[in-house]
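Please read them alongside the model.

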Amino acid sequence: MSIKTKVAWGVTFLFALILTIGGLGLYYLHNLARSSQQILVDNYESMEYAHQILAACESLRTDSAVAMKSIETSLTLQETNVTEPGEREASLALRSAFEKLRNTGLSDSVVARIRHASLALENINMKAIVRKNGTTQETAHDASTYLIIICTLCSLAAFTFIVNFPGYIANPVIQLTNSIKSIAGKNYEERLHFDRRDEFEELAEAFNQMAEKLDEYEHSNLARILFEKKRIEAIIHRVSDPVIGLDEKSRIIFANERALDILNLSRAELLDHYAPDVAVNNDLFRSLIKSAASDNQEKTLIKAMVGHKENFFTQESVRVRYSPTGEKERVDIGTVILLKNVTTYKEQDLAKTNFIATVSHELKTPIAALQMGVKLLQDTRVGALNDEQANITRTLHDEILRLSKITHELLDLSQVETGNIKLDIRKTAPFDIVRMATEAVQLQAERKPVYLAHELAADLPPLLADADKTTWVLVNFLTNAIRYSPERGTILIRAARVGNHVRLSVQDNGPGIEARYKARIFEKYFQVPGTPMGTGLGLAISKEFIEAQGGGVQVESEPGKGSTFSFHLPVAVG
Ligand code: ADP
């Protein structure tokens, strides 16, 4: 039976109870009212007539006509109101006595007969009233009894209904609410069971169907995600370079075979471990996570043994962020460390450096011979040259000088690259370096011409430096400055103390350098496009020389506003 029908029946039942109690009450009330009415009409009036006849008897002697009339009227009315057994006989006796009185005239015996009959009438009706009153009392008593019984039954039924019915409706609703909450908490195994044949059972069936579908969906999704995870893992394992993944709490979540090889760790020793814990016992891993946290990771090469061979890697760390559905802020979800094996490039670079070193070394002797030859040709003691020959030999001299400079630079560079650079570091006065460099370029400056100005701080402390190499660097800065300065320009050489260092700088008012080239200016073989001659090695070697001495090089330049090249070296202590 459906809930709707049940509710309808329940309400109908309560309605029927109200109707029953009301109906019964009315019925008994009506009965009681009718009984008393009946007593009034049937008996009380007859008693009243008898009473009037008796009263008239008293006045028969004094006022005979009125009394007779009164008896006549009362008797006639009584005769129409005969209701009790014996009343008819009493009325007939009264009538015959009254007729006799009318016919024979007033006599005591007749009056006595009338009185007697009247009293008999009164008596009969009085008894009837007493009897009927008893019956009415009984009826009232019965009515109360029945009403009490029915009321009790109805109350019991209504009470049972009130106690049970709300639960009957509310309990399944509560159960349903709890089950929905459980589903919302991803417990898709939740099921509802109502053992009743109504709408709630249908509801439970629909709910269970929904839960089953959700369960199925969740599992199919999970399977898909697992599959995708496997696929990504397979890809990562196939990557030929080492890859390591950390989650946002620095737990290692994946690492491919290559990564395990270079770290010399097993999968179990790495995966699911807290990265700093692994770093404690593994130097390479420590340097990897250290540079993953710093910014200039690409610049340092990482050395690692693969098999028995030394390999070199560059590191790139990517911080992975994503925006969760419906949110604007991006959340950090981990870091991926990618290593690139650059051993082959490194080997090729070394081979190239060795080749350059050999070639430039081999070129030194023939160049020296060429220089000697040209010098001899230019010596008038050997023989006079005509103007054209003198011109040719001058050009030859310049070109040989250039060739010599290039071979020297290449040799220096190869020494720097192979780590064969020999430094003679000692206490050196900054003034000496400035003086030697200025003397070296003096002629060149005069030839252009450009002016060399100095701005040297007094009381500069001595430097810890290799005087020759540092002078070479300053000469290189000055040569560039002279080359790029306009004619009659001024080149300013400065020396000043900056903390524990002394900074030497060369400022020119040449064309300046565009921002996009500035970062690359100290790279090997780099030349700003469109600039004349040169090898692009001077600044690279300068940088290496200064850094090898524990200093650093800088450039400040803006197109059209000139350039300032500077380097700093540590002050000698004590
Ligand atoms: P190069 O021997 O070719 O001059 P460098 O390493 O000395 O090589 O210089 C590299 C590049 O830097 C040059 O090609 C030039 O364009 C630029 N450069 C160097 N010094 C200056 C300067 N003072 N003003 C403008 N450009 C400069």
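1. In the ligand site, a backbone N or O atom of G536 lies 3.0 Å from an oxygen atom of the ligand, a polar contact in the sense of a pair of N or O atoms within 3.5 Å, where pairs within protein must also join an atom able to donate a hydrogen to one able to accept it, and residues adjacent in sequence count only if both atoms are side-chain atoms. A polar side-chain atom of Q527 is 2.9 Å from an oxygen atom of the ligand, and an N or O atom in the side chain of R483 is 3.1 Å from an oxygen atom of the ligand. In total 18 residues surround the ligand, the closest being N480, D508, Q527, G536 and L539; a residue is counted if one of its heavy atoms lies within 4 Å of the molecule.

2. On provenance, this is a predicted model, in which local features need pLDDT of at least 70 and side-chain atom pairs count only at pLDDT 80 or more, while totals for chains, interfaces and linings use all residues. Residues are numbered from 1 along each chain as its sequence is written, and side-chain values use heavy atoms, with hydrogens and water left out.

3. UniProt lists "domain: Histidine kinase" (unreviewed entry) for residues 358–573, and such annotations may be inferred rather than shown by experiment. Over residues 358–573 the chain is 48% helix and 21% strand, with the end C-alpha atoms 39 Å apart; helices (H or I, at least four residues) and strands (E, at least two) are DSSP runs, numbered from the N terminus.

4. For "domain: HAMP" (unreviewed entry), UniProt gives residues 167–219, a span that is 74% helix and 0% strand, with its end C-alpha atoms 37 Å apart. The "domain: PAS" feature (unreviewed entry) is placed by UniProt at residues 228–272, where the chain is 49% helix and 20% strand and the end C-alpha atoms are 20 Å apart.

5. The axes of helix α10 (residues 343–378) and helix α11 (residues 387–418) come within 8 Å and cross at roughly 155°, the axes being lines fitted to C-alpha atoms over the stretch in contact, with angles from 0 to 180 degrees between N-to-C directions. The two helices α10 and α11 are therefore roughly antiparallel, a label for angles over 145 degrees, whereas those under 35 count as roughly parallel, 65 to 115 as roughly perpendicular and the rest as oblique. By class, the contact of α10 with α11 has 14 nonpolar, 13 polar and 4 charged residues, where Ala, Val, Leu, Ile, Met, Phe, Trp, Tyr, Cys and Pro count as nonpolar, Asp, Glu, Lys and Arg as charged, and the others, Gly among them, as polar.

6. Two backbone details deserve a check. A cis peptide bond, with omega about -5°, joins K448 and P449, and P449 is found in the loop between α12 (430–447) and β7 (451–456). K186, in the loop between α4 (108–184) and α5 (199–238), has a positive phi, near 70°, in a residue other than glycine.
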